[in-house]
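Let's take a walk through this one together, strand by strand and ring by ring. Have the viewer open as you read.

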Amino acid sequence: MAQVVGKDALMGYIGELMLQFPGARLEQASAIDAHHDKLRFSWRLILADGSVHTEGTDFGVISSAGRLSLITGFFGPLAAEG
């Protein structure tokens with residue numbers, strides 16, 4: 001839904017999103033699975049009433065310096081095959 005560059009821009013984007021849902025929180029929904037320089041993890045946006053608004057999976061790339069250099073997020077569960 002957005003393309004941002006840098007930690008500050010990412011945090012700003014997440015902050016703006018959270019302003020739309022007072023009392024909501026982001027929750028990590030899986031362990032971080034890593035392979036070489038790639039990683040993935042699932043998350044969910046929990047509303048103030050405890051219901052799940054949105055869930056998704058993020059994929060990342062770790063730089064040679066050991067820092068997150070790219071993250072791509074997918075919203076919603078994977079579609080069933082067929």
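We'll start with the strands, then turn to one threonine and the aromatic pairs.

First, the ground rules: this is a predicted model, where local features need pLDDT of at least 70 and side-chain atom pairs count only at pLDDT 80 or more, while totals for chains, interfaces and linings use all residues. Residues are numbered from 1 along each chain as its sequence is written, and side-chain values use heavy atoms, with hydrogens and water left out.

Strands here are DSSP runs of E with at least two residues, numbered from the N terminus, and two of them pair if DSSP finds at least two bridges between them. Strand 1 (residues 25-28) runs antiparallel to strand 3, joined by four bridges. One spot to look at is glutamate 27, whose bridge partner in strand 3 is arginine 44. Strand 2 (residues 33-35) also pairs with strand 3 in the antiparallel sense, over three bridges, and there alanine 34 sits opposite leucine 39. Two residues lie between the strands of that hairpin, and histidine 36 takes a positive phi near 55°.

Moving along, strand 3 and strand 4 are antiparallel too, with nine bridges. Tryptophan 43 faces glycine 56 of strand 4. This hairpin has five residues between its strands, and glycine 50 has a positive phi near 90°.

Now zoom in on threonine 54, which belongs to strand 4 (residues 52-62).

Rings of Phe, Tyr and Trp (its six-membered ring) pair if their centres lie within 6.5 Å; planes under 30 degrees apart are stacked, over 60 edge-to-face, and the rest tilted. That rule gives two aromatic pairs. The ring centres of tryptophan 43 and phenylalanine 75 are 5.5 Å apart with planes at 80°, so this pair is edge-to-face. It links tryptophan 43 in strand 3 (residues 38-46) with phenylalanine 75 in strand 5 (residues 68-75), 32 residues apart. Tryptophan 43 is buried at 12% relative accessibility, whereas phenylalanine 75 is partly exposed at 44%.

Phenylalanine 59 and phenylalanine 74 form an edge-to-face pair as well, at 5.7 Å centre to centre and 85° between the planes.

Conventions:
Buried < 20%, exposed > 50% of the residue type's maximum accessible area, 1.4 Å probe, protein only.
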